[in-house]
Amino acid sequence: MLNRLNLLWKNHKLLLLAFILAAAATLMFAVRLVVVTVYFSNPAHQNQPLEGWMTPRYLAYSYDLTADELEQVLGIDPTGVSRIHLNNLLKDQGITLQELQSRLDRIKARKVAE
Amino acid sequence: MTDLLLSLVADYGAIMLFVTTFLSCLAIPMPSSLMMLAGGGFVASGELGLTTAVSAAYLGAVTGDQTGFQIGRKAGAWLARAPKRKALLDKANALTTRHGGPGVFLSRWLFSPLGPYVNFGGGATGYNWAAFTIWGTLGEAVWVTIYVSLGYLFADHITEVADILGNASGFLAALVVTIGLGFWLRYAMKHPRKP
């Protein structure tokens with residue numbers, strides 16, 4: 001076995017290195033796949049955080065918010081601002097994404113309590 | 001970078017889907033899976049039309065494949081000027097002619113990280129253009145349909161879906177490469193080069 005490996009190393013160094021690298025990458029992706037699947041199968045980790053690229057309508061849709069609730073999260077009347085993403089909306093209002101996230105969390109908590 | 005590109009989908013709509021799938025077929029690193037998932041999410045929230053989103057992503061992918069194939073073809077013609085390399089390319093051509101179709105098809109969606117290299121390689125080895133186009137357009141249809149519909153269905157879990165699918169396709173692509181190199185190694189061991 002060792003002899004053959006030695007021979008391979010001598011005659012096909014690049015091929016052997018590529019094989020080892022590819023095998024290592026396969027293993028790494030397998031481990032990561034297991035880790036993320038386990039992580040996301042926990043219901044506590046299934047809440048998609050707010051992201052700057054989301055639009056008000058996307059927000060309302062994916063967090064199941066009524067028009068009123070959406071207005072409470074954004075702090076403004078969302079009619080007519082559908083294609084503006086949060087990054088721009090927040091800049092205009094001078095608040096952070098974290099602030100928006102905590103408003104959203106409060107509304108979600110209230111909904112669960114009800 | 002990803003946040004910026006996704007914001008551009010909100011700003012400019014489907015044209016950004018076209019641009020990302022096009023560039024990703026040329027091995028330019030683009031979060032095209034996440035973009036298509038977000039595109040599906042925007043369809044669900046009513047900000048993008050389904051047909052517009054799907055056709056933009058699809059057309060981007062198909063034209064990207066064709067561009068990659070043509071680049072590969074030009075590079076192949078240049079490489080083949082040396083007789084030794086031409087012999088190697090001819091050998092590769094024999095292999096792709098036999099097994100190329102399913103390879104092109106599966107590298108569009110199941111082993112998608114390999115897609116761009118299959119485009120270049122297919123062009124360089126002189127793989128039949130019509131076969132490449134037929135298998136490629138079929139494969140891209142599967143790729144776009146899977147991602148846009150998953151985005152549509154899981155608009156509230158896009159980052160999770162992207163994370164899981166990204167690692168799954170990375171795993172499958174790396175596994176195929178490992179198996180291929182393994183066969184090559186075995187062949188090399190059985191047919192040692194004469195001194």
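Student: Leaving aside its neighbours within four places in sequence, which residues is L37(B) in contact with?

Tutor: L37(B) is in contact with Y147(B), L150(B), G151(B), I158(B), V161(B) and A162(B). Two residues are in contact if their C-beta atoms, placed from the backbone, lie within 7 Å. Before going on, note that this is a predicted model, in which local features need pLDDT of at least 70 and side-chain atom pairs count only at pLDDT 80 or more, while totals for chains, interfaces and linings use all residues. Residues are numbered from 1 along each chain as its sequence is written, and chains are lettered from A and ligands numbered from 1 in the order in which they are written.

Student: Which residues touch the most other members of the largest nonpolar core?

Tutor: L37(B) is one of them, along with L17(B), A53(B), A57(B) and V144(B), in a core of 52 residues. The term means a set of buried Ala, Val, Leu, Ile, Met, Phe, Trp, Tyr and Cys residues joined through C-beta atoms within 7 Å. The most is given to this core by α3(B), with eight residues. Apart from it lies another core, of 16 residues, including V104(B), F111(B), L114(B) and V177(B).

Student: Why is T145(B) called partly exposed?

Tutor: T145(B) has 15 C-beta neighbours inside 10 Å. A residue is buried if 20 or more other C-beta atoms lie within 10 Å of its own, exposed if 12 or fewer, and partly exposed in between, with C-beta atoms placed from the backbone. The count for T145(B) falls in between, so the label is partly exposed. T145(B) is found in α7 (residues 129–153) of chain B.

Student: What makes D64(A) exposed?

Tutor: D64(A) has 10 C-beta neighbours inside 10 Å. That is within the limit of 12 or fewer, so D64(A) counts as exposed. D64(A) sits in the loop between α3 (56–62) and α4 (67–74) of chain A. Its phi is near 55 degrees, a positive value in a residue other than glycine.

Student: Where is A27(B), and what is its phi?

Tutor: A27(B) lies in the loop between α2 (14–24) and α3 of chain B. Its phi is near 65 degrees, again a positive value in a residue other than glycine. With 16 other C-beta atoms within 10 Å, A27(B) is partly exposed.

Student: How do you know that the buried residues of α4(A) line one face of the helix?

Tutor: The buried residues of α4(A) are L70(A), V73(A) and L74(A). Seen down the helix axis, they fall within an arc of 90 degrees, so they line one face. The arc is that of the directions from the helix axis to the C-beta atoms. An α-helix has 3.6 residues a turn, so residues three or four places apart point the same way. What covers these buried residues includes α3, α5 (86–93) and α6 (97–113) of chain A. Just after α4(A), G75(A) takes a positive phi of about 80 degrees.

Student: How many helices and strands does chain A have?

Tutor: Chain A has six helices and zero strands. Helices (H or I, at least four residues) and strands (E, at least two) are DSSP runs, numbered from the N terminus.

Student: Why is chain A called more spread out than a compact globule?

Tutor: The radius of gyration of chain A is 25 Å, well over the 13 Å that the globule rule gives for 114 residues, so the chain is more spread out than a compact globule. The radius is taken over C-alpha atoms, and the rule is 2.2 Å times the number of residues to the power 0.38. The C-alpha atoms of chain A fill a box of roughly 75 × 30 × 20 Å along the principal axes. Buried residues make up 23% of chain A.

Student: How far apart are the centres of the two domains of chain A?

Tutor: The C-alpha centres of domain 1 (2–45) and domain 2 (56–113) of chain A lie 43 Å apart. The bounds come from an automatic or database domain assignment.

Student: Which element gives the largest share of the side of chain B that touches chain A?

Tutor: 34 residues of chain B are in contact with 34 residues of chain A. The largest share of the chain B side, 19 residues, comes from α8(B).
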